[in-house]
Amino acid sequence: MTAAREGGLTTSDSPTPPRTAHLPSRATIRLTLAAIAFAGLLAGGIAHLAGAPELGGWLWFAATLPVLAGLAAEIVTSLARGQVGLDLVAALSMASALAFGEPLAANVVALMYAGGQLLESFAEGRARREMTALLGRVPRTAMRHADGRLEEVPIEALRPGDSILVRSGETVAVDGTLLSDTAALDESALTGEALPAHRRRADEVMSGTTNAGNAFDLAVARPAAESTYAQIVKLVETAQNSKAPAVRIADRLAVWFLLLTLAIAGLAWGLTGDRLRALAVLVIATPCPLILALPMALISGISKAARQGVLIKDGGALETLSRIRTAILDKTGTLTDGRARVAAVRLTEGWTEDELLRLAASLDQASHHVIAEALVTEAHRRGLPLTPPTEVLEEAGTGLAGRVGERGVVLGGSRYVAGRSSGDPYSLRDGVEGDAATVAVAVDGRLAGLIILADPLRPDAAVVLDGLRRHGVERIVLASGDRQDVVDGVATKLAVDRAIGDLAPGDKLDLVRRESQQAATMMIGDGVNDAPALAAATLGVAMGARGSAASSQTAGIVILVDHLDRVLRAVEIAGRTRGIAIQSVAGGLALSIIGMVVAAFGLITPVAGAMVQEAIDVAVILNALRALR
């Protein structure tokens, strides 16, 4: 009989206490108890065959006592926390067998119980393997360039701007920007994709990926503690160390199942006067379909999702995901890529794209604006030499002016540039889509051109939304802080039920609360302004690859990689996992009840009942583990 606490996983869910010379580990205790039960069963059997049945009975009795004592301690601990567990049935069956003079049956139940604990630990470890693999790949050191040489330093010593060498086969320690021409990266640990991803100079490289090609240089973007992989590891540790929440189905059925078991056993004894029938009923009654199948299936689903690049923080979030009916999605960084990119350059006479972009990007080195970053990134990608700007004056959110070498450069919004130069930037805007941003550029007092930037929709956005509808999502809302005309431009390309722009964080929070009152609502976002809405939704989903730490911490699910399709995969996994869990509960309970009824009619002995019970346990565990596939 597999031991587990009602409504959750076994005590192996809890963080393992520090081992000392005086305190054996829980795994050691379980193995010891199973060994004692097996040795007692074997020794008693030999004694019985050797013509010493009384000695055999005492050996079976003695081998049962340590297992019963360990189970009693577990029950007392659970009762102290106010939890009534179905392990009472296991303890009652062992104690009754000893009291009724059936030490062989008691020993068999003890062996099944202790062996079941080991089986459960193995199955749970199998379910957690993908999550544990993440923790085992944490890099400790990196090779940093310093004064023309390489030095190996702890990753905690790395600072933004440092240049490091990532050798072939190494795990990237920090987020950064590629300094070499190309790099081949194995992202399978985070994305589940087997083929290497190829990156070019100035591309972003995420920590936690593995160099699958030649060595390359990387510019550190942020400290190791703030890098993507460090955040992922923290989230994984939280998910592993947190206990699975009480499963509502088990909570409702556990007490009733216990009462039904006692009622069938009592009737079998009372109506026939045969106490061995009651004992057989107790022996065959297994709590595993209730207290093991659900949490085992849920942790299997969580592990499966982790292998796909999705961190589901607990079983409750997975269960909630399977019943979502409304999805609210942020635009920037969720439905779109989240990084402005140069889409086109329109020029006045006498200019080339590269020269215009070189001057604009050189000046933008002095700005922290997201569009400035996009221009500088594009210039680096094209290999353009940038000049440090001087005499820079910036009007936040409007534009900036300064000198690049001997030339005066002004760039920014069309109105800003038009007021500081000759020429009409608006004449270059014909045909520009409403969801695109533009940067006008003037050089030496004359309009030079217009740079058009776009934050394009993710290629799979429409497919993902269609997939969500196929899996039960009935309403999809686009919610963004961007201008309403920009949001409307995006909405025309997607099948959404409502598109709302110009939302402050408080407005988005109110929207999520209203929708959550109508149906189970999932909020998907990535920015720090999304954190309140993620917390208020029935379930928050954070695009955590480049999203803020605040949004990742408040969400129940974190997408570890920058792929929107992982949301759809998570929904698919949640639906399948819930189906397997319910199937395991229904099937396990049905088999248990049938077995108890057959035992009540005297057709199954207590020893045979223990064997039947263990077969049901194994079937339930194997079925629950199907959620891994």
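Predicted model: local features only at pLDDT ≥ 70, side-chain atom pairs only at ≥ 80, totals over all residues.
Helices here are DSSP runs of at least four residues, numbered from the N terminus.

Let's zoom out for a moment. The protein chain has 629 residues, and 51% of them count as buried. Its secondary structure comes to 22 helices and 22 strands. If you take the contacts in the chain with a separation of 6 or more, 68% of them are between residues 24 or more positions apart.

Now back to Lys331. Is this lysine buried or exposed? Its relative accessible area is 4%, and anything under 20% counts as buried, so Lys331 is buried. What does Lys331 touch? Leaving aside its neighbours within four places in sequence, Lys331 is in contact with Thr336, Leu478, Ala479, Ser480, Asp482, Val486 and Val490.

Next, find two helices that pack together: α16, residues 461-470, and α21, residues 565-600. Two packed helices are described by the angle between their axes and the distance between the axes. For α16 and α21, the angle is about 15 degrees and the axes are 9 Å apart. That angle makes α16 roughly parallel to α21, since angles under 35 degrees count that way. The crossing of α16 and α21 is left-handed.

Which residues do the meeting? On the α16 side you'll find Val463, Val464, Gly467 and Leu468, and on the α21 side Asp565, Val567, Leu568 and Val571. Sorted by type, the residues of this contact are 6 nonpolar, 1 polar and 1 charged.

Not counting residues up to four places away in sequence, Leu468 touches Val473, Met522, Val567, Leu568 and Val571. Leu468 also turns up in the largest nonpolar core, which has 66 residues. The members that touch the most other members there are Leu321, Leu468, Met522, Ile557 and Val567. Helix α21 supplies the largest share of this core, with 12 residues. Apart from that core lies another one, of 26 residues, including Leu357, Ala361, Leu400 and Leu411.

Let's move on to some loops. Asp147 sits in the loop between β1 (141-146) and β2 (149-154). Its phi is near 55 degrees, a positive value in a residue other than glycine. Asp147 is exposed, with a relative accessible area of 78%.

Now try Asp444, in the loop between β16 (436-443) and β17 (446-454). Phi of Asp444 is near 50 degrees, which is again a positive value in a residue other than glycine. Asp444 has a relative accessible area of 43%, so this residue is partly exposed.

One last stop: Arg222, in the loop between β9 (216-220) and α6 (228-241). With a relative accessible area of 31%, Arg222 is partly exposed. Where does Gly161 lie relative to Arg222? The two are 61 residues apart along the chain, yet their C-alpha atoms are separated by 8.2 Å. Arg222 also touches Pro160, Val174, Asp175 and Ser227, not counting residues up to four places away in sequence.

Note on methods: Residues numbered from 1 in each chain as written. Heavy atoms only, no water. Axes fitted to C-alpha atoms, helices over the stretch in contact; angles between N-to-C directions. Parallel < 35°, antiparallel > 145°, perpendicular 65-115°, else oblique. Left-handed = near helix turned anticlockwise from the far one by under 90°. Contact = heavy atoms within 4.5 Å. Nonpolar A, V, L, I, M, F, W, Y, C, P; charged D, E, K, R; others polar. Core = buried A, V, L, I, M, F, W, Y, C linked by side-chain atoms within 4.5 Å. Buried < 20%, exposed > 50% of the residue type's maximum accessible area, 1.4 Å probe, protein only.
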